[in-house]
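Dear colleague,

I am handing over the structure we spoke about, and below it I set out what was found, residue by residue. Please look through it with the notes beside you.

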Amino acid sequence: MRRFLLRHALLPDGWHNDVLVAVDATGLIARATPKSADATATLLDGPVLPGLPNLHSHAFQRAMAGLAERSGPGQDSFWTWRETMYGFAAKLTPEDIEAIAGQLYADMLEAGFTAVAEFHYVHHQPDGTPYDDPAELSRRVIAAADTAGIGLTHLPVLYRYGGFGGTAPQPRQRRFLHDADAYARLLQALAPAFRGRSDRRLGIAPHSLRAVSPELLRDGITALNEIDAAAPIHIHIAEQTAEVDDCIRWSDKRPVQWLLDQSIVDKRWCLVHATHLSEDEMLRLAASQAVAGLCPTTEANLGDGLFPVVEYMEANGRIGIGSDSHISVSAAEDLRLLEYGQRLVRRSRTLLAGGPDRSTGRRLFEAAAKGGTQALGQPMGAIAPGHRADFVLLDQDAPSLAARQGDAVLDAWIFANQARSAIRDVYVAGNRVVEAGRHIRSETLAAAYRKALGRLLQD
């Protein structure tokens with residue numbers, strides 16, 4: 001067993017000093033014993049957090065971050081941004097997909113995320129023809145995760161239609177499309193790569209209710225259940241008011257209402273965004289034990305709106321965070337914006353602290369760790385036996401953390417962090433992947449990323 005001595009660590013029951021952690025050959029924690037000493041253990045000398053899950057990612061969009069900030073001739077919205085995204089996605093080669101994902105995953109690790117749920121929907125060649133290996137682009141994502149050393153929950157997207165009621169897809173969507181049989185074959189082809197790994201999980205992502213029919217939704221779940229009946233299921237839902245209106249015209253129900261009425265949503269599910277909820281939908285979603293996948297920086301960038309997170313968490317609803325389009329890749333920033341969005345509309349403070357004399361940062365961090373862990377279906381999110389040895393060592397010499405102890409460290413990291421990163425080292429499954437603030441393969445990954453961007457942006 002490998003051994004680590006964590007000088008000041010956040011465990012499930014709070015902060016402890018001198019925690020001796022034994023890690024087995026699979027990267028899982030066997031023991032975590034506070035108030036210990038071991039001169040031969042690897043010392044993590046500073047505040048140590050469990051790694052956070054990033055529950056929603058479209059990796060290729062990292063390379064287009066900032067490219068949709070020039071105003072158009074009319075009012076810009078999510079839907080005009082989507083047209084820019086479609087044009088960018090049409091240019092991507094397999095090599096581009098791997099290079100962009102590799103750089104992104106290094107960025108995530110440097111930002112405190114130690115695993116990611118990749119909502120992967122670019123499957124085919126630009127004209128819609130499958131590659132000789134239909135799983136080619138998924139394998140590129142897996143290779144990028146291996147190179148970066150990040151945990152991966154891979155969610156191949158099931159996408160067939162262009163709108164509710166089986167509307168024909170647009171030509172720009174042809175790289176995304178599968179029928180039920182082709183999708184089942186894709187999952188079967190990928191399954192062997194996810195067996196026997198504590199840092200890998202295969203799930204599915206029906207893209208949205210507008211992109212799958214009720215029959216295709218159930219076919220996709222059936223195909224997944226044949227591989228892993230407990231695997232994660234993620235879906236985009238109720239992100240925009242236009243989507244809500246279209247769903248009502250199709251079904252006489254709101255999107256979350258329709259999905260919950262199918263009696264299939266449980267703790268396997270992650271409903272991504274779910275921004276526009278009625279009170280009844282919000283309470284039913286909280287009761288379902290599914291996770292609301294919130295992406296505050298992307299939702300702000302796209303003008304989506306604000307999820308009713310205060311009432312939802314009061315109803316014991318489960319949340320996690322994701323960086324989605326990666327306009328920003330920062331665990332601290334997404335957690336901060338989750339709270340600040342509520343402060344702005346309610347003109348009050350510490351709204352998500354959960355009660356008097358409680359740390360807002362601590363509650364946000366622990367909620368995102370717990371909900372994200374559930375959404376990814378991986379053994380992570382806590383420094384405890386049976387969980388993966390994912391450690392985020394904060395820099396105790398960073399000015400923003402000076403003289404902080406306990407929950408004050410989390411409050412400072414989330415709400416008072418400056419341009420200089422306060423993250424020093426990051427470990428995944430007991431292996432160091434970030435040292436002194438930089439990914440151990442940063443130069444190689446950055447060179448490949450620059451090469452891909454040089455080609456993609458040349459015109």
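In this predicted model, Asp324 is buried and yet has no salt bridge, since the nearest side chain of opposite charge, that of Arg210, is 11 Å away. Its side chain does, however, take part in a polar contact of 3.3 Å with the side chain of His273.

On the surface, Asp179, Asp181, Glu215 and Asp219 gather in a patch of negative charge. Of these residues, Asp179 is found in the loop that runs between strand E7 (151–158) and helix H4 (180–190), and Asp179 counts as partly exposed because its relative accessibility is 35%.

Asp18, which is not a glycine, has a positive phi of about 50°; Asp18 lies in strand E2 (residues 14–23) and, at 23% relative accessibility, counts as partly exposed. Ser263 likewise is a residue other than glycine with a positive phi, near 60°, but Ser263 lies in the loop between helix H7 (255–261) and strand E11 (269–273) and is exposed, with a relative accessible area of 67%.

Lastly, Gln396 is in the loop between strand E14 (391–394) and helix H13 (407–415), where it counts as partly exposed at 38% relative accessibility. The C-alpha atoms of Gln396 and Phe113 are separated by 19 Å, the two residues being 283 residues apart along the chain.

With kind regards

Note on methods
Residues numbered from 1 in each chain as written. Predicted model: local features only at pLDDT ≥ 70, side-chain atom pairs only at ≥ 80, totals over all residues. Heavy atoms only, no water. Patch = residues over 30% accessible without salt bridge, like charges linked within 9 Å, V, L, I, M, F, W, Y side chains within 5 Å. Areas by Shrake-Rupley, 256 points an atom, 1.4 Å probe, with all protein chains shown as cover. Salt bridge = Lys/Arg side-chain N within 4 Å of Asp/Glu carboxyl O. Lys, Arg positive; Asp, Glu negative; His and termini not counted. Charge placed at Lys NZ, Arg CZ, Asp CG, Glu CD. Helix = DSSP H or I, 4+ residues; strand = E, 2+ residues; numbered from the N terminus. Buried < 20%, exposed > 50% of the residue type's maximum accessible area, 1.4 Å probe, protein only. Polar contact = N/O pair within 3.5 Å; in protein donor to acceptor, adjacent residues only side chain to side chain.
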